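Trainee: Could you take me through the pockets in this one, slowly? I'd like a close look at what lines them, and then whatever sits around them.

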Amino acid sequence: MVDDVRPGSVGRGQPLKGAELTVTSKEFTEQLVLGAIMGIAFQAAGAEVLDRTGIQGSVGSREAVRGGDADASYEYTGTAWITYLGNSDPLPEPDRQWEAVRDADRRNGLTWLAPSALNNTYALAMNRAAAEKYGTRTLSDVAALAESDPGAVTVCVEGEFANRADGLPGLQRTYGMGLPAGNITQMDTGIIYTQVSKGSCTYGEVFTTDGRIKSMGLAVMADDKGFFPHYNAAPQINSRTLEKYPQIAEVLAPVTKRLDNEVARELNARVDVDGEDPHAVALDWMKAEGFVKEG
C-alpha cells in the first residue's frame, strides 16, 4: 500500500516505524474495505504494508494469517467459531462469542483483539410499503403475523439459508413460525434484495451490513430472541507478529471501536451501489474520521 498518510488520532509517534506488515482479507466488498482500513492505519503508524486483500474464500485469508504469510485481517467471530473451529452451536452474547473464539484460537497461533459492534449476520427485511402495511418490527411480530394471516408472510431466501440450522429451519423453530412450503422461494442472494424491494416477497434474507439495505430503504426486523449467530468483525493477528509489534493493538483499537453496522452499510453502499473503489472508500473514511491525515 502506498497511501500518502500520516498520523491523525491513530499512529501518533509512528509506533510501527520499521515494521513490514502484510494485511489480508476475503474477496467481498466489506472485507476489501476493512482490509484497506487496517492497512491505512498501519501505514499512518509508520509501517510498510503489503496488500494481500481479496483472497478468495474464508479459509484462504484465515490460513494466510495463521501460517504467517500475512500478519493481520479483520475476521468475524461467528465464522471462526462455526466454520474454522468446528462448533455447531453459537454462543448467545457477542462478548462471550468473541471470548470463546479468542481463547480457542490461542493454540492456533492467532490473537483476537477486541471486537467491533459491526455484526454482519443474517436478518429478515421488508420494503417500507410492507412495513407500513403490516407494522412488523421484530421476528416475533413476523411469527405472530404468520399465525394471524398466513398468506401475508412470503419469504425469499438463499438455498443454503433455507436448509442451515442457523438459517430458516432454526428461525422457524425458535420463533414458532410455521410457514407452508409455498410461501418460501429460494433464489440467489443479489436477487433477494431486488425482489423484496419490489414487493415480490414480503420478507427477504439479508446481511445486516449490506449497503443495499440503506439504498433500497429496507426495514430490518429485530432478532428479539437473539437467534442468529454473532458475526462481529475483530482484528485477527498472527501471535508471533503481535509479540514483535505489540503496538498493533493500540493502533487498531480506536478504529475498531468506531466500526458498526451503520458505518458498514454506508461504506459498502459506496462500493456496491455507487461503484466506488473499496480502497478509496476506506481512505476517505479514515480521513473523515480524523484517524489519519494526508501526508
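Mentor: A quick definition to start: a pocket here is an open set of grid points with protein on both sides within 12 Å along at least five of seven lines, and a lining residue has an atom within 4 Å of a point. Keep in mind that this is a predicted model.

With that in hand, take the second largest pocket: 16 residues line it, and Ser88, Asp89, Pro90, Asp166 and Pro229 lie nearest its centre. It holds about 270 Å³ of space, and its lining splits into 8 nonpolar, 4 polar and 4 charged residues.

Now the largest pocket, at about 730 Å³. Of its 29 lining residues, Phe28, Tyr76, Asn120, Tyr122 and Phe207 come closest to the centre. By type, the lining has 8 nonpolar, 11 polar and 10 charged residues. Helix α3 gives the largest share, 4 residues, while α1, α7, α9, β9 and α13 are among the elements that supply at least two each.

Strand β9 also belongs to an open, mixed sheet of 5 strands, ordered β8-β7-β9-β6-β10. Strand β6 runs antiparallel to β10, with 2 bridges joining them; Met126 has Ala219 as its bridge partner in β10.

There's a disulfide here too, the 1 found in the whole structure: Cys156 to Cys201, S to S 1.5 Å. Cys156 sits in β7 and Cys201 in the loop between α9 and β9, so the pair ties together parts 45 residues apart in sequence. Cys156 is buried at 0% relative accessible area, and Cys201 counts as buried at 7%.

Notes
Residues are numbered from 1 along each chain as its sequence is written. This is a predicted model: local features need pLDDT of at least 70, side-chain atom pairs count only at pLDDT 80 or more; totals for chains, interfaces and linings use all residues. Side-chain values use heavy atoms; hydrogens and water are left out. Two strands pair if DSSP finds at least two bridges between them. A disulfide is a pair of cysteine sulfur atoms within 2.5 Å. Buried means under 20% relative accessible area, exposed over 50%, partly exposed in between (1.4 Å probe, protein chains only). On a 1 Å grid over the protein atoms alone, a cavity is a set of points where a 1.4 Å probe fits but cannot get out, and a pocket is an open set with protein on both sides within 12 Å along at least five of seven lines; lining residues have an atom within 4 Å of a point. Grid points are joined across faces, edges and corners, and a volume is the space filled by probe spheres set on the points. Ala, Val, Leu, Ile, Met, Phe, Trp, Tyr, Cys and Pro count as nonpolar, Asp, Glu, Lys and Arg as charged, and the others, Gly among them, as polar.
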